[in-house]
Amino acid sequence: GWNAHDRFCFIEPIKREESVIFKNTVEEPLLGTMKYPNEYLISMGINQGDRVSFTPDCEYEFTVDDKKLYRVYDHQITMSL
């Protein structure tokens, strides 16, 4: 299996949800599902599968097992939803 290293975690983007606010994107902005948390995030209560929010322009796109994931520093996770 895959694990997050050092200060990084990996987040799977969420498809755009219907809303009264128009969003010209394919995915929800600044939201995702925690795929690979690091030890620090786990100690803070954020686990794999949790929906999280992150700061703007912090994500770096990777393809892992044919899925798009964002690599984000743990201090850029703003909340667990």
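The entries below go from the whole chain down to single residues.

**Entry 1: ground rules**

I am working with a predicted model, where local features need pLDDT of at least 70 and side-chain atom pairs count only at pLDDT 80 or more, while totals for chains, interfaces and linings use all residues. I count residues from 1 along each chain as its sequence is written, and side-chain values use heavy atoms, with hydrogens and water left out.

**Entry 2: confidence**

I checked pLDDT, the predictor's confidence in each residue on a scale from 0 to 100. The protein chain has a mean of 93, and 100% of its residues reach 70 or more. Strand β4 (residues 60–64) has the lowest confidence, at a mean of 94, and β3 has the highest, at 97. I keep a reminder here that where pLDDT is low, the predicted coordinates should not be read in detail.

**Entry 3: layout and size**

I took helices (H or I, at least four residues) and strands (E, at least two) as DSSP runs, numbered from the N terminus. I find 1 helix and 6 strands in the protein chain, and from the N terminus on they run β-β-α-β-β-β-β.

For size, I looked up the radius of gyration, taken over C-alpha atoms, and the globule rule, which is 2.2 Å times the number of residues to the power 0.38. With 81 residues, a compact globule would come out near 12 Å, and the protein chain has 12 Å, so the two agree. Along the principal axes, the C-alpha atoms fill a box of roughly 35 × 25 × 20 Å.

I counted a contact as heavy atoms within 4.5 Å. Of the contacts between residues at least 6 apart in sequence, 51% join residues at least 24 apart.

**Entry 4: what is inside**

I call a residue buried under 20% relative accessible area, exposed over 50%, and partly exposed in between (1.4 Å probe, protein chains only). By that rule, buried residues make up 37% of the 81 in the protein chain.

Next I looked for nonpolar cores, meaning sets of buried Ala, Val, Leu, Ile, Met, Phe, Trp, Tyr and Cys residues joined through side-chain atoms within 4.5 Å. Which residues form the largest one? It has 11 residues: Cys9, Ile11, Met34, Leu41, Ile46, Val52, Phe54, Cys58, Tyr70, Val72 and Ile77. The elements that give two or more residues to this core are β1 (8–15), β3 and β5. A second, separate core of 5 residues includes Ala4, Phe10, Tyr36 and Leu69.

**Entry 5: aromatic rings**

I paired rings of Phe, Tyr and Trp (its six-membered ring) if their centres lie within 6.5 Å; planes under 30 degrees apart count as stacked, over 60 as edge-to-face and the rest as tilted. The structure holds 5 aromatic pairs. One of them, Phe54 with Tyr70, is edge-to-face, at 6.1 Å centre to centre and 75° between the planes. Phe54 lies in strand β3 (residues 51–54) and Tyr70 in strand β5 (residues 67–73), so this pair ties together parts that are 16 residues apart in sequence. Both Phe54 and Tyr70 are buried. Elsewhere, ring pairs link Phe10, Tyr36, Tyr60 and Phe62 into a cluster.

**Entry 6: single residues**

Is Ser53 buried or exposed? Ser53 lies in strand β3 and counts as buried at 10% relative accessibility.

Lys67 lies in strand β5 and is partly exposed, at 37% relative accessible area. Beyond residues up to four places away in sequence, Lys67 touches Glu12, Lys35 and Phe62.

Glu39 sits in helix α1 (residues 39–43) and counts as exposed at 71% relative accessibility. Glu39 and Arg7 are 32 residues apart in sequence, with 8.7 Å between their C-alpha atoms.

Most residues other than glycine have a negative phi. Asp6, in the segment before β1, has a positive phi of about 60° and is exposed at 56%. Asp66, in the loop between β4 and β5, has a positive phi of about 65° and is exposed at 77%.
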